[in-house]
Protein chains: 2
Amino acid sequence: MAKVILVALGGNTIKLPNEKGSSEEQFRNCRKTALYISKIVKNIDPEDRLVITHGNGPQVGNLMVQQKNAQDIVPAHPMDVLVAMTQGQIGYMLQQSLVNHLKEMNIKKSVSTILNQVLVDRNDPEFKDENASKPVGNFLTQEEAKEIKKKNPDYIIKKVKPGSGLCWRRTVPSPDPISNLDGDVISKLIDAGVIVIASGGGGIPVLEDEDGNYNGVEAVIDKDLAGEKLAEIVGAEIFFILTDVEKVKVNFGKPNERALGKISYLEAKSYFEKGHFLAGSMGPKIKACLRFLENGGERAIISSLDRAVDAYHGKTGTVIEKK
Amino acid sequence: MAKVILVALGGNTIKLPNEKGSSEEQFRNCRKTALYISKIVKNIDPEDRLVITHGNGPQVGNLMVQQKNAQDIVPAHPMDVLVAMTQGQIGYMLQQSLVNHLKEMNIKKSVSTILNQVLVDRNDPEFKDENASKPVGNFLTQEEAKEIKKKNPDYIIKKVKPGSGLCWRRTVPSPDPISNLDGDVISKLIDAGVIVIASGGGGIPVLEDEDGNYNGVEAVIDKDLAGEKLAEIVGAEIFFILTDVEKVKVNFGKPNERALGKISYLEAKSYFEKGHFLAGSMGPKIKACLRFLENGGERAIISSLDRAVDAYHGKTGTVIEKK
């Protein structure tokens with residue numbers, strides 16, 4: 001019984017928070033990440049299919065800094081184009097690293113990265129400036145914020161931290177993914193046994209206009225929610241979110257803090273509704289897991305990269321099952 | 001009898017020389033380019049397959065400027081990563097534009113962009129600094145050249161124009177493509193009827209080390225030579241180079257200048273060997289056409305985008321045939 005497994009990689013698996021993000025650093029992280037993924041490949045049935053998606057926050061942040069610094073010479077690009085560029089950058093680094101590890105382990109699997117557009121809805125509440133919720137790029141002083149706003153009147157810049165100093169940030173809408181526009185091609189490739197890297201950075205966000213044309217939009221889609229949409233389309237049985245914690249916690253930071261092991265869909269939903277998970281961190285991951293199980297998925301796992309194989313075998317991680 | 005047609009797009013089909021390269025400009029050019037390509041799709045047999053490749057010179061140039069300007073804050077990336085980023089950027093713009101035109105024309109074809117690595121040989125003569133032949137990025141003053149060399153000791157910077165002023169440029173090796181590392185996946189997709197965009201910017205250049213690992217390298221592969229290698233791998237019958245001239249000329253700029261129409265492989269080879277085509281311009285295109293015919297291709301066409309359909313039907317363009 002061949003299964004489809006969708007692995008979603010957090011941004012920290014490619015660029016560590018304390019790193020500047022040189023190619024050397026990012027390749028080193030990608031190789032480490034790819035080693036763990038190749039161990040998953042070794043542990044699953046040879047007939048099982050793997051699809052990989054990844055975040056791109058730090059990479060888009062770096063690109064934004066580069067664009068801002070050269071803005072008077074070279075035009076800056078909007079978010080859709082930046083996401084496309086990071087799909088190229090990260091897809092290349094991950095694909096090459098994974099191919100090398102699979103070759104070394106004598107596993108004969110092709111790996112391919114697909115540029116991937118994801119449809120969003122122009123009526124999504126996030127497209128109202130006051131609702132836009134995804135901070136991107138550097139923290140700014142009020143002065144810098146004003147200067148950037150002057151040069152780019154369309155930008156939404158919000159105060160993201162109380163107090164003074166570096167507490168402003170450019171903010172873009174984070175609309176819900178409606179559908180993955182490259183789902184048919186991705187399905188064809190996984191059916192052919194190819195390990196596919198897709199929906200990077202949540203996918204390139206596009207709207208459909210009245211004439212049926214697709215156009216990019218200034219937004220960033222949450223990579224776990226977009227990954228869930230992709231998981232649906234390719235009929236994945238397992239949705240595997242790899243992040244920096246071994247298990248998800250409830251009552252986080254409180255005396256009764258507790259790590260979650262194997263739990264049911266209803267338990268997870270109840271914790272989610274009670275507000276145990278932060279909006280900018282574990283919240284969208286749990287939301288994505290719940291959606292996955294509602295849409296026909298069998299098992300959602302959240303764990304860390306270095307415990308991935310054990311979590312796959314049910315020995316650790318937070319495992320959420322339909323019933 | 002279904003045919004495979006490989007179309008190679010010149011850099012000017014995406015960014016015009018007099019443009020700064022904003023996303024608006026590049027999308028406008030991509031839409032125009034995609035309109036002509038969709039007309040080709042309409043004119044070929046529905047069973048015929050199309051593979052598209054493209055240049056990336058102006059886009060990599062812009063990225064290099066952005067990276068240089070932010071170098072003290074964000075690390076600059078090597079050429080392999082920059083090529084990957086432009087494959088993302090241009091692939092996205094072309095794919096979206098083409099999908100929109102095909103939808104409008106009610107042609108049901110999927111379009112997909114594949115991140116694409118191309119293997120080169122570490123013993124290629126271009127990897128000797130004195131042989132490196134591909135100028136990349138901006139023209140520099142001697143002072144700027146010195147400053148960049150100081151910050152990046154590994155860079156090769158050459159005098160590219162006689163005289164004084166802006167006559168220095170960063171130069172990278174332009175090695176011959178050995179093989180397309182994603183050929184099997186690309187073949188699978190075109191067999192399934194997908195229009196594939198691949199080998200962008202000549203492909204991401206990689207070397208294979210003693211252990212069989214692939215690693216990126218500071219180089220740029222000629223997009224027409226890489227396109228030819230891809231054409232071989234997918235068994236293309238027609239290699240279609242779209243550039244800014246309707247026909248190739250011999251005795252260029254002389255009183256006996258003449259545009260070439262339908263010619264044989266041997267004629268083309270003879271003109272090539274007599275030095276009629278410039279190294280930085282028509283030379284590699286003719287070289288790629290000759291190789292294509294030597295490696296089993298049937299017909300190589302060089303023409304302009306707006307005459308593409310007529311050239312496909314043999315009404316214009318320079319058409320080189322095996323015999």
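A residue counts as buried here when its relative accessible area is under 20%. With that in hand, welcome to a set of close-ups of a predicted model.

**View 1. Helix H3 of chain B, a mostly covered helix.** Of the 26 residues in H3(B), 24 are buried. The helix covers residues 79–104 of chain B and reaches 37 Å from its first C-alpha to its last, close to the 38 Å expected at 1.5 Å a residue. After H3(B) comes Asn106(B), with a positive phi near 60°.

**View 2. Helix H3 of chain A, with its end-to-end span.** The end C-alpha atoms of H3(A) are 37 Å apart, which agrees with the 38 Å that its 26 residues should span at 1.5 Å a residue. Because 24 of those 26 residues are buried, H3(A) is largely enclosed by the rest of the structure. Asn106(A), which follows H3(A), has a positive phi near 60°.

**View 3. The interface of chain A and chain B.** Here 55 residues of chain A are in contact with 55 residues of chain B. About 4,600 Å² is buried between the two chains, and carbon and sulfur atoms give 55% of that area. Across this interface there are 26 residue pairs in polar contact, both residues being at pLDDT 80 or more. On the side of chain A that touches chain B, several elements supply at least two residues each, among them helix H1 (23–43), helix H2 (57–69) and strand E10 (204–208). The largest share of that side, 13 residues, comes from H3(A). Sorted by class, the side of chain A that touches chain B has 23 nonpolar, 22 polar and 10 charged residues.

**View 4. A salt bridge between the chains.** The interface of chain A and chain B has 2 salt bridges. In one salt bridge, the side chain of Glu208(B) meets that of Lys103(A), at 3.1 Å from N to O.

**View 5. Ser112(A), a buried residue in strand E3.** Ser112(A) sits in strand E3 of chain A, and its relative accessibility of 0% makes it count as buried. Leaving out residues up to four places away in sequence, Ser112(A) touches residues of chain A including Gln95(A), Leu189(A) and Val196(A), as well as Ile114(B) and Val185(B). Ile190(A) is 78 residues from Ser112(A) in sequence, with 9.8 Å between their C-alpha atoms.

**View 6. Asp48(B) in its loop.** Look for Asp48(B) in the loop between helix H1 (23–43) and strand E2 (49–54) of chain B. Its relative accessibility is 2%, so Asp48(B) counts as buried. A polar atom of the Asp48(B) side chain lies 2.7 Å from the backbone nitrogen of Lys3(B). Beyond neighbours within four places in sequence, the residues in contact with Asp48(B) include Met1(B), Ile5(B), Lys109(B) and Tyr312(B).

**View 7. Salt bridges within the chains.** Over all chains, the structure holds 28 salt bridges. Lys269(A) forms one with Glu273(A), their closest N and O atoms being 3.7 Å apart. These two residues are 4 apart in helix H7 (residues 265–273) of chain A, so about one helical turn separates them. Lys269(A) is partly exposed at 30%, whereas Glu273(A) is exposed at 57%. Glu257(A) also forms a salt bridge, with Lys249(A), at 3.3 Å between the closest N and O atoms. Glu257(A) is partly exposed at 32% relative accessibility, and Lys249(A) is partly exposed at 34%. In chain B, the side chains of Arg28(B) and Glu19(B) meet in a salt bridge at 3.9 Å, N to O. Glu19(B) is buried, with a relative accessible area of 12%.

Technical notes: Residues are numbered from 1 along each chain as its sequence is written. Chains are lettered from A and ligands numbered from 1 in the order in which they are written. This is a predicted model: local features need pLDDT of at least 70, side-chain atom pairs count only at pLDDT 80 or more; totals for chains, interfaces and linings use all residues. Side-chain values use heavy atoms; hydrogens and water are left out. The expected span of a helix is 1.5 Å times one less than its number of residues. Buried means under 20% relative accessible area, exposed over 50%, partly exposed in between (1.4 Å probe, protein chains only). A polar contact is a pair of N or O atoms within 3.5 Å; within protein, one must be able to donate a hydrogen and the other to accept it, and residues adjacent in sequence count only if both atoms are side-chain atoms. Contact means heavy atoms within 4.5 Å. Buried area is the accessible area (1.4 Å probe) that two parts lose on being put together, summed over both. A salt bridge is a side-chain nitrogen of Lys or Arg within 4 Å of a carboxyl oxygen of Asp or Glu. Ala, Val, Leu, Ile, Met, Phe, Trp, Tyr, Cys and Pro count as nonpolar, Asp, Glu, Lys and Arg as charged, and the others, Gly among them, as polar.
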